[in-house]
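Reader: Before we discuss side-chain contacts, could you show me the sequence and the structure?

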Amino acid sequence: MEEGNVFIARSCALLANSFSSLFDLTRCSAVAAVRAGGLTGGRDRRGMAGAAGVGGGAAYQGRRGGVLGDVADGAGGEGLDGAHKPLRQGLPPPAGEDLQVRPPGGGRREGHCGFSDGLGPDSDVQREGACNLVWPEDRIIIQVLDDSTDLEVKQLVKKECEMWHEKGKNIRYETRANRNGYKAGALKVGMTYAYVDTCEYIAMFDADFQPMSDFLIRTVPFLVHNPNIALVQARWKFVNASECLMTRTQEMSMDFHFKVEQESGSTAWAFFGYNGTAGVWRIKAIGDAGGWQDRTTVEDMDLAVRAGLSGWKFLYLGDVKVISELPSTFKAYRYQQHRWSCGPANLFRKLFWNVLLAKEVSIGMKFYVLYNFFIARRIVSHFVTFLFYCLLIPTSVFFPEVEIPSWGVIYVPTTITLLNSVGTPSSFHLVIFWVLFENVMALHRCKAVLIGLLEIGRVNEWVVTEKLGDMMKTKPDSTTSKLRFKFKDRFNLLEIVVAIYLFICACYDCKYSTDAYFIYIFPQSIAFFIMGIGYVGTIIPGGNS
């Protein structure tokens, strides 16, 4: 059987859930090194796995000589669609496989390895962080990369690492003198340590991500048994999706991204954009692609495109879910969406000729990357959404001679919206609010795309996405003081101007026209106004926020 080494990287917020998520916590990363040779029956080699969070790890033993040993006994590929079979060679053990798990404190306990999503209240699968990942204790190293500038956070993280070290965990706490390159810079430095040299894989998790204890068992085998795969990406699930209407709409967009975009890219081309967390990379592929680069704010997508152009294949596992948190304040969400829109546009500018001249991929793959992955999805779609539905249609009410066909105003948009909303059936009744919300955000994304394409202004701005965690439930007065901002900072002038214009268009259409566009324009103007005054998402109590 082929050997495999895993390296997992993750942010410090996963540190065993011993403290509430603080606003600066996303500047830490943790790395866990895994020694996998003994599991696969090969020589005694080391691997590394990066994992967010620190929780109790556990060694395991399968019924027939190890979990990966069960894979070799014929668990691979059956029941999968044909497009995925070439990539899914060497699957984890089938659901129902019994494992014997040894807790960190000694002794033995029986475990059940049923591969459901593990998110239910009755699940036996733990989600305590990197130290609770099911992997032999003598074959895993956890590296915490702390890039935080908040002394309170640094002390909490360091103390947590020391606690797990005293419990026998092989955990390393690493910091650096500056934050050059942000996340890409931290990862680049983290991989220069001597104990990383013998590793084969790296799994990464951001600060607010909590992997299930069986994460490695369900992802590493694909890399071990298929040398063509560079990346195995898991799906995100959100612990605070029901916190407010804004997080519900975010969940709908993210579910579409994972269930449709990532799944289709994996199935059709074995390529998609790496999400920057909840994934496992083959370190050799990272090296072949040129390593981590900080030239844009989307170092994850940058690496994925370069690796894909080098001929490596990606695999998305929608049934492997990692719990995370959505930004619940509008200010944090705007900063996040600016980075997620500006970064890809700027990356397109920098990689255009690299894609055209790539020798390791087909013309069809080049067309897919340039047109579908970049132009259609990450550039044109934002402009079509805003210009057509928020400017063209409203402005047409002043020109009776301009007639927009019904299929362009009603039928096609309705069909696309319904298809996009199937990813979250439980929120289908919110589809109208989702459309209004996304139309407003399209304005913000268009501005970010222009900044990225022209490489001006805030093109390389990196603002850490604030996550509230349990702040609102624990110490709202003390822990949220840093998140408060002045009342005037809640106003977004551009959205307010568009809201006023749309309101004028709706009033004119209601008075003088017969096309009834005002039925749509009035709600859209209200949406722009509400988001223009920042009255959306979670409002921090106290102060003037």
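Predicted model: local features only at pLDDT ≥ 70, side-chain atom pairs only at ≥ 80, totals over all residues.

Reader: How many of the eleven residues of helix α5 are buried?
Author: Helix α5, which spans residues 215–225, is mostly covered. Its buried residues include Phe215, Arg218, Pro221 and Val224, and the count of buried residues in this helix is ten.

Reader: What is the geometry of the aromatic pair formed by phenylalanine 272 and tyrosine 316, stacked or edge-to-face?
Author: The model has 26 aromatic pairs. In the one formed by phenylalanine 272 and tyrosine 316, the centres are 6.4 Å apart and the planes make an angle of 80°. Since planes over 60 degrees apart count as edge-to-face, this pair is edge-to-face.

Reader: How many residues apart in sequence are the parts that this pair ties together?
Author: Phenylalanine 272 lies in the loop between α6 (245–269) and β11 (279–282), whereas tyrosine 316 belongs to strand β12 (residues 313–324), so the parts tied together by the pair are separated in sequence by 44 residues.

Reader: Is phenylalanine 503, which pairs with phenylalanine 522 edge-to-face, buried or partly exposed?
Author: The two rings are 5.7 Å apart centre to centre, with 65° between the planes. Phenylalanine 503 lies in helix α14 and phenylalanine 522 in helix α15. With a relative accessibility of 46%, phenylalanine 503 counts as partly exposed.

Reader: Over which ring does the charged end of arginine 378 sit?
Author: The charged end of arginine 339 sits over the ring of tryptophan 462, 4.7 Å from its centre. For arginine 378, the charged end is 4.1 Å from the centre of the ring over which it sits, that of phenylalanine 373.

Definitions and conventions:
Residues numbered from 1 in each chain as written. Heavy atoms only, no water. Buried < 20%, exposed > 50% of the residue type's maximum accessible area, 1.4 Å probe, protein only. Helix = DSSP H or I, 4+ residues; strand = E, 2+ residues; numbered from the N terminus. Phe/Tyr/Trp six-rings, centres within 6.5 Å; stacked < 30°, edge-to-face > 60°. Lys NZ or Arg CZ within 6 Å of the ring centre and 35° of its normal.
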